[in-house]
Amino acid sequence: MANPTSEHLHTKPTSRPIIATVILFGGLAVLVLSIGLSILYGAADIDFITIWHSLTQFDPSSTSHQIIRGLRIPRALAAALIGAGLAMSGTLMQGMTRNPLASPSIMGVTAGSSFMMAIALVVMPQASNFIMMLWAFVGAGIGVVIVFGIGSISKTGLTPVKLALAGTAVTALLSSLSNAIAIHFNVAKDISFWYAGGVSSVQWMHVQILAPVLLIGFVIALLLANSITVLNLGDDVAKGLGQRTFFVKFTGTLVVLLLTGAAVSVAGTIGFIGLVIPHITRFLVGVDYRWIVPCSAVLGALLLVIADTASRMINPPFETPVGTVTALVGVPFFLYLARREGRGM
Amino acid sequence: MKTRTVGTKRMLIVASILITVIIGTFLLNLNLGVVSISPINVLKTLFGQGSEQESMVLFHFRLPRIVIAILIGAAMAISGAILQSVTHNELADPGIIGINAGAGFAVVLYIYLFQNNMAEVSSLSVFLLPLTALSGALVAALLVYLISWKNGITPIRLILVGIGINSAFAALIIMFQLKMDPNDFTRATVWLSGDISGIDWTYVLALLPWVLILIPLAMYQSNVLNTLQLGDDIAKGLGTNVERHRLFLLLIAVALAGASVAVGGGIAFVGLVTPHLSKKLIGPNHILFLPITALMGALLLLVSDTIGRNILAPSEIPVGLVVSLVGGSYFIYLLMKS
């Protein structure tokens with residue numbers, strides 16, 4: 001890469017394990033730091049010593065200790081988990097479809113989840129978090145089925161542009177339906193929360209549900225990573241190498257639904273992480289999905305933790321929805337992709 | 001010449017059918033709802049013979065709303081038709097490529113900066129709002145045009161960039177919306193999803209001049225649109241000043257969308273669906289096809305508003321949501337067909 005003329009040559013797909021290792025461990029270190037910063041910063045002014053005490057010698061009568069343990073720590077952890085989940089979800093989608101625009105928010109997956117959440121709020125308003133998450137999974141599935149259904153019926157297949165358009169249309173359709181439900185059953189306020197997207201009301205029980213789901217998704221994604229690297233060479237090549245492409249894609253899609261559904265059920269629609277992070281990760285670490293999957297998880301977690309902290313700093317003491325912050329980061333990137341990819345689509 | 005007259009005849013037939021259906025929907029609209037007025041009483045009331053309650057309901061609540069639905073429907077439809085012809089893009093619609101979102105953002109910003117709350121929009125503001133929305137729509141259109149420019153503009157890049165700009169403005173709208181108090185937040189949400197329920201005659205007066213000037217202006221340009229549709233090279237060969245005409249027509253499209261958003265909020269998909277349908281019915285000649293598109297837009301919005309007002313009564317569904325359901329499904333159908 002140092003040689004300027006090499007850019008004109010056919011660049012061999014490379015993997016950069018050293019950079020990947022650095023990202024993995026350096027990223028984790030920065031992630032811990034930013035989680036600390038996220039816990040430190042907030043509407044109530046709490047100094048570092050108090051935070052330390054709340055961990056080491058918890059005093060139930062102290063408000064500061066309550067805030068730290070009950071609000072800020074679960075919030076920061078949830079942001080990290082959700083960011084990691086959305087990023088991995090986007091990574092798998094882009095890897096399986098070889099489509100640079102594939103990501104949960106563009107493909108209507110998040111819209112599907114929010115739609116089912118709207119229905120759940122009406123049908124069973126007292127449902128537990130776990131049940132809500134099941135609804136979100138089903139919704140994510142519906143979103144994926146519709147978008148891929150459009151692609152498979154269409155004569156020219158699911159091109160990147162068609163994917164973005166189908167996602168836009170499905171999102172418009174499903175969010176109109178959810179809004180109509182919200183207005184009729186008077187749950188607009190509850191639903192607008194999911195549309196704004198955020199981790200401000202996260203509690204420990206959310207983290208307790210998120211963590212195992214994320215772990216399962218992460219492990220399966222890692223097991224699939226090698227197959228996805230091969231799949232990324234094209235379906236025909238993968239089949240020629242003896243891969244059961246349907247099995248890989250099916251399992252991969254299940255993982256995507258699992259990760260996205262869990263994220264949306266807790267934090268609503270947070271866009272663009274699943275689009276931006278996989279691109280950046282591939283740019284940094286190369287083509288090997290065994291490295292891309294864990295690195296994208298770390299970077300996604302980092303992005304959402306920082307975005308969540310920023311969302312509290314923009315307009316204190318009010319919170320800007322974190323989905324807005326990620327959109328403002330993600331849109332320029334999307335525009336860059338649209339300009340670059342505009343040729344081949 | 002013969003095909004021309006056949007086309008005109010067909011167009012007149014389609015137009016009269018559409019107008020009949022519009023009048024039918026109009027009467028049905030008045031017949032449904034909390035206060036029902038029978039068709040005969042509507043006519044009586046229109047000629048000043050109705051009861052006091054009926055004329056109050058008719059003239060103060062129903063009629064301005066119906067007129068606005070017709071005006072916005074026609075304006076959005078023509079806006080979409082122009083965008084599609086000028087950019088050679090079947091999928092262009094002011095709601096999809098961010099023009100509505102830009103206009104919406106400008107209005108939210110205006111209300112946030114200059115208005116205490118959304119309920120008491122002063123009558124001066126009613127007339128200033130279309131201008132505000134227009135400036136937002138122009139900024140959005142300019143951004144889309146500039147960012148998708150790379151040795152010319154391909155239809156696909158334009159749409160993708162438009163979707164991106166749309167999300168950016170949507171995010172900005174939420175940012176400012178959250179700084180309003182909760183009541184205004186809800187009101188702004190309803191308005192942004194496309195709502196014409198609180199309409200009175202001032203809004204009609206605010207929108208009317210835009211529609212009355214810009215739609216005939218667009219129709220006057222039918223021949224230019226026909227030439228532009230053939231592609232830039234042929235249009236240039238035929239002696240058309242492509243860039244100048246394109247810019248002028250785009251301005252008309254943006255202004256129509258902006259003024260509609262100022263009054264009715266973000267109503268998407270009207271501009272996408274209606275040009276398709278009327279092209280199917282009447283062919284691509286703009287002289288015939290633009291009037292039909294306008295009528296179809298008016299009808300689509302009127303029907304959607306009638307549905308939205310009654311289907312889940314007593315709660316009203318904003319007209320924009322109904323249109324999105326209809327238009328979104330049609331859009332998906334188009335994608336599957338292509």
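At what angle do helix 1 (residues 17-40) of chain A and helix 3 (residues 63-97) of chain A pack? I began with this pair, keeping in mind that the model is predicted.

**Entry 1: helix 1 and helix 3 of chain A**

I found an angle of about 145 degrees between the two helices, with their axes 9 Å apart. Helix 1 of chain A passes helix 3 of chain A in a right-handed crossing. I then listed the residues that make this contact. From helix 1 of chain A come A:Leu31, A:Ile35, A:Ser38 and A:Ile39, and from helix 3 of chain A come A:Ile68, A:Arg72, A:Ile73, A:Ala76, A:Ala79 and A:Ala80. Sorted by class, the contact has eight nonpolar, one polar and one charged residues.

I stayed with helix 1 of chain A to look up A:Ala20, which is found there. I note A:Ala20 as buried because 21 other C-beta atoms lie within 10 Å, and the cut-off for buried is 20 or more. Leaving out residues up to four places away in sequence, A:Ala20 touches A:Val285, A:Trp291 and A:Cys295. I also checked A:Ala20 against A:Gly286: they are 266 residues apart in sequence, and their C-alpha atoms are 8.6 Å apart in space.

How many residues of helix 6 (residues 160-184) of chain A are buried? I count 22 of its 25 residues as buried, so the helix is mostly covered. From its first C-alpha to its last, helix 6 of chain A reaches 36 Å, close to the 36 Å expected at 1.5 Å a residue. Just after this helix, A:Asn186 takes a positive phi of about 60 degrees.

I made the span check on helix 10 (residues 245-267) of chain A too. Its 23 residues should span 33 Å at 1.5 Å a residue, and its end C-alpha atoms are 32 Å apart, which agrees. Just after helix 10 of chain A, A:Gly268 has a positive phi of about 75 degrees.

Most residues other than glycine have a negative phi.

A:Phe272 has a phi near 75 degrees, a positive value in a residue other than glycine. A:Phe272 lies in the loop between helix 10 and helix 11 (273-285) of chain A. Is A:Phe272 buried or exposed? I put A:Phe272 down as buried, with 27 other C-beta atoms within 10 Å.

B:Phe269 lies in the loop between helix 11 (242-264) and helix 12 (270-282) of chain B. B:Phe269 is buried, with 30 other C-beta atoms within 10 Å.

**Entry 2: a loop residue of chain A**

I looked up A:Ile314, which lies in the loop between helix 12 (289-313) and helix 13 (322-341) of chain A. A:Ile314 is partly exposed, because 13 other C-beta atoms lie within 10 Å. A:Ile314 and A:Ser89 are 225 residues apart in sequence and 28 Å apart in space, C-alpha to C-alpha.

Where in helix 3 of chain B does a kink lie? I found a kink of about 40 degrees at B:Arg62, shortly before the proline B:Pro64. Helix 3 (residues 52-86) of chain B has 35 residues and reaches 50 Å from its first C-alpha to its last, close to the 51 Å expected at 1.5 Å a residue. Just after helix 3 of chain B, B:His88 takes a positive phi of about 50 degrees.

B:Phe26 is buried, with 20 other C-beta atoms within 10 Å. Not counting residues up to four places away in sequence, B:Phe26 touches B:Ile66 and B:Leu302. B:Phe26 and B:Ser36 are 10 residues apart in sequence, and 13 Å apart in space from C-alpha to C-alpha.

**Entry 3: where the chains touch**

Last, I turned to the contact between the chains. It takes 35 residues from chain B and 36 residues from chain A. On the side of chain B that touches chain A, helix 6 (155-177), helix 7 (182-192) and helix 14 (319-337) of chain B each give two or more residues. The largest share of that side, 12 residues, comes from helix 6 of chain B. By class, I recorded 22 nonpolar, 11 polar and two charged residues on the side of chain B that touches chain A.

Note on methods:
Residues numbered from 1 in each chain as written. Chains lettered and ligands numbered in written order. Predicted model: local features only at pLDDT ≥ 70, side-chain atom pairs only at ≥ 80, totals over all residues. Contact = placed C-beta atoms within 7 Å. Helix = DSSP H or I, 4+ residues; strand = E, 2+ residues; numbered from the N terminus. Nonpolar A, V, L, I, M, F, W, Y, C, P; charged D, E, K, R; others polar. Expected span 1.5 Å × (residues − 1). Buried ≥ 20, exposed ≤ 12 C-beta atoms within 10 Å, placed from the backbone. Axes fitted to C-alpha atoms, helices over the stretch in contact; angles between N-to-C directions. Left-handed = near helix turned anticlockwise from the far one by under 90°. Bend = angle between axes of the 7 residues up to and from the residue.
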